[in-house]
Structure formats: structure tokens, C-alpha cells
Amino acid sequence: MRYIGLDLHTNQMTICYLENEEYRYEVLAVTEIDTFKARLLPTDKLAIEATGNSSYVYRHCVDLVFDLVVVNTMQFKVITKSCKKTDKNDAKLLAEFLSKDILPRARVKDILDDRLHSLVDSRNKFIELRT
């Protein structure tokens, strides 16, 4: 079984594959999500941090892997308090802790809730601009 940690940003993904206690890294643009999906196996476990675009990756990958964990970063202080705060290190930590099954899960909104939240957020920004 492979454990995959994915550090997600607005324009790139840093991926750490942990298999047989060996680490392999890859950096892809978010637009290359299809390339990433093609490399996933049904036995893989995948962990991503809960960020603004994690629901996008979640919807693309949830049916392709054995388990997908969206990590609640407020409860997972190992990454937020890390001294070596790099994308590669964050992805490695996600893969490592996923292999031990000790990552705190975040709630994933369904597509309707996600769109409604985005709409309300945009409305609030427009109101703040006006005042």
C-alpha cells in the first residue's frame, strides 16, 4: 500500500509517495490533476491539508483511492508549528502520519454547500468594498 501526502497550493501540488519505507517526491501544477489521477492506485491512501482548493482535489480523487483524508490543520499542529516549513517536508509529514493512521479528519462539504459558501463569501467581500 502507498501512502501519499499532498501539499496543495493555488498553483502547484507537492506530492510525497511513501511505499516500503521509501520516499519519492513530485511537484505538479494544479492544472495537471489528470496526470496525478492517472498515477493513483485503488489501494492508495491519500492525505491533503484542508485549504481553499482541497475540495477540488477531493472531488477528483475520492473515488480513485482506498481512503482520502482531508486533514484538519487546526488539530494537526505538527505542520503548522514545524521549524522546517517547506512544501516537501509538509507532504512528507502528511504521508508519514497517514501511514500511522493518526491524522485528524476535517469535514468535507458537499458540492452544494461548497458553492453556497463561496457565494456568501463573495457577497461579503463586495459589501466590505462598498463600506
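**Burial, salt bridges, sheet and cores**

Reader: Why is glutamate 26 called buried?

Author: Its relative accessible area is 13%. Buried means under 20%, exposed over 50% and partly exposed in between (1.4 Å probe, protein chains only), so glutamate 26 is classed as buried. The model is predicted: local features require pLDDT of at least 70 and side-chain atom pairs pLDDT 80 or more, while totals for chains, interfaces and linings use all residues. Numbering starts from 1 along each chain as its sequence is written, and side-chain values rest on heavy atoms, without hydrogens and water.

Reader: What makes the meeting of glutamate 26 and arginine 39 a salt bridge?

Author: Their side chains meet at 1.9 Å, N to O. The term requires a side-chain nitrogen of Lys or Arg within 4 Å of a carboxyl oxygen of Asp or Glu, so the pair qualifies. Glutamate 26 belongs to strand 3 and arginine 39 to helix 1, so parts 13 residues apart in sequence are tied together. Helices (H or I, at least four residues) and strands (E, at least two) are DSSP runs numbered from the N terminus. Arginine 39, at 37% relative accessibility, is partly exposed.

Reader: Which other salt bridges can be described, and how many does the structure hold?

Author: The structure holds five. One of them joins the side chains of aspartate 44 and arginine 2 at 2.6 Å, N to O. Aspartate 44 sits in the loop between helix 1 and strand 4, and arginine 2 in the segment before strand 1, so the pair links parts 42 residues apart in sequence. Both aspartate 44 and arginine 2 are buried. Lysine 125 and aspartate 121 also form a salt bridge, at 3.5 Å, N to O. These two are four residues apart in helix 5 (residues 111–130), which means a separation of about one helical turn. Aspartate 121 has a relative accessible area of 35% and is therefore partly exposed.

Reader: What makes strand 3 and strand 5 edge strands of the sheet?

Author: Five strands form an open sheet of mixed pairing in the order 3-2-1-4-5. Strand 3 (22–29) and strand 5 each have a single partner strand, so one side of each lacks a neighbour in the sheet. On average, neighbouring strands are turned by 20° against each other, direction ignored.

Reader: What makes a group of residues a nonpolar core?

Author: Its members are buried Ala, Val, Leu, Ile, Met, Phe, Trp, Tyr and Cys residues joined through side-chain atoms within 4.5 Å. The largest has 18 residues, and Leu6, Met13, Ile15, Phe36, Leu46 and Cys61 make the most contacts inside it. Strand 1 (3–8), helix 1 (33–39) and helix 2 (54–61) are among the elements that each supply at least two of its residues. A second, separate core of 14 residues includes Leu18, Val69, Val71 and Leu103.

Reader: Why does aspartate 67 count as buried, and which residues touch it?

Author: Aspartate 67 has a relative accessible area of 19%, and is therefore buried. Aspartate 67 lies in strand 5. Beyond four places in sequence, aspartate 67 contacts (heavy atoms within 4.5 Å) Asp44, Lys45, Leu46 and Arg105.

Methods: Pairing = 2+ DSSP bridges. Axes fitted to C-alpha atoms, helices over the stretch in contact; angles between N-to-C directions.
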